[in-house]
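Please consult the sequence and the structure alongside the text.

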Amino acid sequence: MESNTKKVTSVWAKVLIYTALILGAVVMLFPFIFMLLTSLKTYAESISVPPKIFPEVAQFKNYKTAMEMAPFDVYFKNTVISSVGNTILTLFVTIFAAFSFTRYKFYGSNVIFTLLLATMMVPGEMLIIQNYQTVSAFGWIDTFQGLIIPYIANVFYIFLLRQYFMQIPEQLYKAAKIDGCSDWKYLWKIMIPNTISAIVTIAILNFIASWNAFLWPLLITNNDKMRVLTIGLTHFTNESGSQVHLQMAAATIIIIPVAIIYLFLQKYIISGVTRGGLKG
Amino acid sequence: MKKLMLSLSLAAGLTSLVACSSKDNKQPEKEKSEIVTTIENPVTIEFWHAMAGTNQEAVEKLVENFNSTIGAEKNITVKPVYQGQYTDLKTKTTAALKSGSVPAIAQAYPDWVAEYLQSGSVVELDPYINDETVGIKDFDDIIESYREENSQYEGGKFYSLPFNKSTEVLYYNKKFFDENGLKVPTTWDEVEEVSAKIHELTGKTAFGIDAPANYFITMVQQYGGEYTNSQGDILFAEDGAKAAKEALELLKRNVDAGYWRLPGEDKYLSGPFMSELLYMYTGSTAGYSHIATADFEVGIAPMPQISDKTGAVIQQGTNVVVFDQNKSKEEVYAAYEFAKYLASYEGNLLFSTETSYLPIRESVVSSDAYQNYVVESNDQTKIVGPEQAKYYFYDPSFYKDAYSSYNVRMAAEKAVESVVLNGVSPEQAIEEAVNSLK
């Protein structure tokens, strides 16, 4: 009897949990589904009030029209190069910086780290003109260096990884040292494998941010051959309205790669965010 | 070594602080020098613009035409560069001005020009326009108010030439008006009357205002007041702010009755209009393409007026401005030649028949080519817009330490919105607007 009640309660609990999860999923997915549906509407349908959820006839030609508005193939190539390049370099900088702030106690290391943290208080928009002046003085306008280099040092990532590194017990380091392990080897054999989920998280967050960057790529490129996908999306808007249906078609194509990467790597992101410390 | 690193990073931090706080206080100081009107060695100049889609195609056509005719003859090649939407173009031009990489010529609103003038890099165009050989001989053909707009700066000098221009008109649902025997309003009294009738018939909002700031600026003029002057005095608040109050009261009365509305989350009224949730609205002629595909016939009428004596319709759109920062005299002259082409009969005819923008020359409006185009495209904004030219006015642009014309415009918009959305009284809204500019 008692076990029956327990079963019933657990069934109800499951129903509740799944209802909540499904509702949550619908809320989260709705913007994406709406984007997909809007990309198949006519212009009139896309701006109708109240909004129409489904197009009367699916307008697949929107995709073709949208892709013809700007050289999206070139933009795609540039976006991949700058996002991948930026992510790899960011990981290098982040890992080495976090390692030195964790392992090496050099004079002023805390001051420098505090200064770095303080820069997080400065909004990125404020620095954009200064960065532009610097980069254009280097002659990096319309180059991949200009697109990639200014954003390879991210204090937040360094801070995040440093916290992870600090959770690896000092004893491990000492034990490795006694076994004759160099710092370099220690970093690659012990530190990184133990914090891989955090590193993957950083890589994904950075990749997404880099993929979605707009203002900086616009500022430092003039040549269509060096521009990126997000700039292509502005081609659908003027001062008196947007061609929403075409914009959504282009947006759908643009987010597909990021969505795929996210799908494959999501287990790392989740574990990277939720996992507290070191096992054992 | 460690100490050196620390002091280096501190120094870096300090310089960036200084860089943040230092303001560009360079005053425009131009050495009077002879202009160059011939080019020996070929030059290439960039033209930064914010024209996307069909407008961009038109810009590219203009550039091709220029490069293959005047350009080829005078050793000039223009390279058009799309720099995103207007705000992006502005950000980018500002950044480029600071780092010395500004193009020879760019699209700019008058208030941007007022701001760019602070850098001392904007070229005064009078010596070119008035030059015997390369000047603009039929300059008077350019609609007067556009000439005034482009020479509203200190000393009445031309710092820009007109390019893509639009104005406001009244859009209405012609099918609905015909079916119900309604008369298209020409005065604001009639707008109120028709709005009440439509509301009675349908229970819906009848009329909308697409650009709240334009409503305020225009109606202050129509009620016989003044908005600002080019020195930046807030004229609409003077003498008890009579005109401004009347403008806001007219709006408040009709919004409260459920007859009128402003755009909200929908941002533009084209959506509600096409969905027949609204039967007329005032909006930019540049937006016609967005409603041209409606299921019903769209009617286009002149902007309603209070009276003929105070007739006022705002003129909008950008001009082109020439920069001489790090430029040779030849490049500056090349930029002027391109600006001149854009404002020429040929250039303007091409642009105003390929885009939704309006002619800037009387001769283009009256030309057969233009009139034929209007018949073919069936775009009445192209007729109704220029017909209002006698009422055209611009809101003066200025850039002061305390505030700029852009800030005043934003304050005006906020005043309109707080009257409509928050039920603030017109007096209080005006007072708040003025206070926000102190």
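## Basis of the description

Two residues are in contact if their C-beta atoms, placed from the backbone, lie within 7 Å. Of the contacts in chain A with a separation of 6 or more, 77% are between residues 24 or more positions apart.

This is a predicted model, in which local features need pLDDT of at least 70 and side-chain atom pairs count only at pLDDT 80 or more, while totals for chains, interfaces and linings use all residues. Residues are numbered from 1 along each chain as its sequence is written, and chains are lettered from A and ligands numbered from 1 in the order in which they are written.

## Overall form of chain A

Chain A contains 14 helices and two strands; helices (H or I, at least four residues) and strands (E, at least two) are DSSP runs, numbered from the N terminus. The C-alpha trace of chain A spans about 80 × 70 × 30 Å along its principal axes.

The radius of gyration of chain A is 24 Å, whereas a compact globule of 280 residues would have a value near 19 Å. This radius is taken over C-alpha atoms, and the globule rule is 2.2 Å times the number of residues to the power 0.38. Of the 280 residues in chain A, 30% are buried, that is, 20 or more other C-beta atoms lie within 10 Å of their own, with C-beta atoms placed from the backbone.

## Domains of chain A

Chain A is divided into domain 1 (2-59) and domain 2 (64-274), with bounds that come from an automatic or database domain assignment. The C-alpha centres of these two domains of chain A lie 32 Å apart.

Nine residues of domain 1 of chain A are in contact with seven residues of domain 2 of chain A. On the domain 1 side, helix 1 (2-38) and helix 2 of chain A each supply at least two residues, and helix 1 of chain A has the largest share, three residues. By class, this side has four nonpolar, four polar and one charged residues. Here Ala, Val, Leu, Ile, Met, Phe, Trp, Tyr, Cys and Pro count as nonpolar, Asp, Glu, Lys and Arg as charged, and the others, Gly among them, as polar.

## Interface between the chains

At the interface, 31 residues of chain A are in contact with 35 residues of chain B. Elements of chain A that each supply at least two residues to its side include helix 2 (43-46), helix 5 (109-119) and helix 6 (124-137). Helix 6 of chain A gives the most, with seven residues. The chain A side divides into 18 nonpolar, 12 polar and one charged residues.

Conventions. Buried ≥ 20, exposed ≤ 12 C-beta atoms within 10 Å, placed from the backbone.
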